[in-house]
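Have a look first, then read on.

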Amino acid sequence: MEGGSSLGYLMIHVLLLQFAIFHRSAARDLAAKGNPSNFQPIHGHTPFSSAMLHDPSLKVFFKAENLKAGEVIPLYFPIKDPLKTPNLLPQEEADSIPFSSSQLPYLLDFFELHPHSVQANAMKQTLKHCEFPPLEGETKFCATSLESMLENLRAIFGQGVDFKVLTTTYIENSSIPLKNYTILSPKQVEVQKMMGCHTLPYPYAVFYCHGQKGDTKIYLIKLRDEQGQIIEAVGVCHMDTSHWDPNHIAFQVLGVKPGEAPICHVFPSDNMSIVDARDEAVP
């Protein structure tokens with residue numbers, strides 16, 4: 001692939017702008033007033049309770065031993081209306097709004113949210129998650145604008161590096177988020193470095209991006225649902241979980257303990273995996 005870093009940045013621009021293009025003109029109104037209806041819940045960033053085990057949206061985790069052709073596994077892919085996806089703000093706008101737990105009272109007033117509301121708690125959890133120190137060997141950041149995303153990726157991958165963005169196929173015309181899927185062909189993507197970027201609940205788009213050196217394997221998994229629809233999902237397997245929080249929801253869902261077995265999960269369609277495009281095995 002030619003063209004230096006500019007092509008990689010362009011690919012990132014195109015993908016990320018998909019999250020903003022629908023209501024780009026409304027971004028300033030959102031930042032000025034907030035919009036609780038634009039929150040998209042995410043699991044795994046709230047304290048665990050036994051009741052959560054009955055939540056079907058936790059069916060994103062599976063064991064590495066199940067990642068083989070012919071295996072049938074239940075998976076949850078959230079159905080999200082792109083028109084309700086929070087906007088990714090321009091850097092000037094994002095930088096004008098504090099992004100810190102210490103400023104939470106001000107932020108709740110700024111976005112006109114009740115301190116005890118579900119949205120307020122989601123904001124609190126997102127800010128805490130972004131402020132947690134990285135695990136040993138982990139690289140992480142939270143991006144609140146396209147520019148901050150690119151700046152952090154340049155620092156991680158290098159100034160002259162092209163990126164490749166891998167995402168799960170957007171599932172259209174489906175009203176059932178939890179289905180049984182047959183694995184048709186799991187294909188490992190050999191990369192030297194990978195950053196997984198996940199959306200977090202906030203009045204505007206926030207991406208939590210992280211990568212663990214030598215710990216992660218990435219796959220493109222072709223799946224077929226019970227109606228015959230085929231999608232290609234991005235899947236990640238974390239090979240060493242010994243350093244994870246013992247209360248991590250994945251351990252509860254799969255019935256394993258830290259370090260006992262590799263843990264895999266699929267990416268929803270609005271999450272992405274960013275890899276070095278120079279790696280030969282990247283499709």
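Which residues does Leu-75 touch, not counting residues up to four places away in sequence? With contact meaning heavy atoms within 4.5 Å, Leu-75 touches Lys-59, Val-60, Phe-62, Pro-177, Leu-178, Lys-179, Tyr-181, Leu-223 and Val-266.

A word on the ground rules: this is a predicted model, where local features need pLDDT of at least 70 and side-chain atom pairs count only at pLDDT 80 or more, while totals for chains, interfaces and linings use all residues. Residues are numbered from 1 along each chain as its sequence is written, and side-chain values use heavy atoms, leaving out hydrogens and water.

Leu-75 also turns up in the largest nonpolar core, among the residues with the most contacts inside it. That core has 26 residues (a nonpolar core is a set of buried Ala, Val, Leu, Ile, Met, Phe, Trp, Tyr and Cys residues joined through side-chain atoms within 4.5 Å). A second, separate core has 19 residues, including Leu-146 and Met-272.

Now for the salt bridge (a side-chain nitrogen of Lys or Arg within 4 Å of a carboxyl oxygen of Asp or Glu). The structure holds one: Lys-179 and Asp-225 meet at 3.0 Å, N to O.

| Residue | Relative accessible area |
|---|---|
| Ser-148 | 13% |
| Lys-179 | 8% |
| Asp-225 | 5% |

Methods
Buried means under 20% relative accessible area, exposed over 50%, partly exposed in between (1.4 Å probe, protein chains only).
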